[in-house]
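Trainee: I am new to this one, and I would like to learn how to read its charged contacts. Could you walk me through them?

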Amino acid sequence: MADTSDTRTPAEIEADIRRRREVLAETLDEIGVRVHPKTIVGDAKAKVAANIDHTVGRAYVQVNRVVSEVRAQFVDERGAPRLERVVPVALVAAGLVGLLALGVRRRGR
């Protein structure tokens with residue numbers, strides 16, 4: 001059976017009650033700050049910003065990987081352009097630009 005006798009003096013009990021009230025007051029203040037609308041909005045904004053930073057970082061890495069792969073198709077190990085691949089792509093690009101220019105020109109008439 002548990003001993004229910006309290007050997008503390010009334011002053012000690014009052015001091016304990018005072019300490020408990022102070023702790024509870026601090027806890028209530030902290031809860032008040034946490035549930036304040038500005039705090040909630042700030043936390044939400046921080047989470048969104050962190051997610052965007054993470055997504056942008058991943059996208060940056062992916063774009064770098066794609067650029068490196070494309071570059072490897074058009075440049076050899078020494079850094080010189082691979083003409084057998086560059087020339088056909090340049091011709092196709094010039095043809096597309098020419099077709100676009102003709103299309104814009106015909107619309108203007």
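Predicted model: local features only at pLDDT ≥ 70, side-chain atom pairs only at ≥ 80, totals over all residues.

Trainee: How many salt bridges does the rule count?

Mentor: Side chains of opposite charge can pair when their charged atoms come close. A salt bridge here is a side-chain nitrogen of Lys or Arg within 4 Å of a carboxyl oxygen of Asp or Glu. The count comes to five. Among them, Arg 78 pairs with Asp 76, with the closest N and O atoms 3.4 Å apart. Salt bridges that share partners also join Arg 8, Asp 16 and Arg 19 into one network.

Trainee: What are the N to O distances from Asp 16 to Arg 8 and to Arg 19?

Mentor: For Arg 8 the distance is 2.2 Å, and for Arg 19 it is 2.1 Å. Arg 19 and Asp 16 are about one helical turn apart, because they are three residues apart in helix 1 (residues 10-34); helices are DSSP runs of H or I, at least four residues, numbered from the N terminus.

Trainee: Is Asp 76 buried or exposed?

Mentor: Buried means under 20% relative accessible area, exposed over 50%, and partly exposed in between (1.4 Å probe, protein chains only). Asp 76 has 18%, so Asp 76 counts as buried, whereas Arg 78 is exposed at 73%. Asp 76 lies in the loop between helix 2 (37-74) and helix 3 (83-108), and its side chain reaches the backbone nitrogen of Ala 80 at 2.8 Å.

Notes. Residues numbered from 1 in each chain as written. Heavy atoms only, no water. Helix = DSSP H or I, 4+ residues; strand = E, 2+ residues; numbered from the N terminus. Polar contact = N/O pair within 3.5 Å; in protein donor to acceptor, adjacent residues only side chain to side chain.
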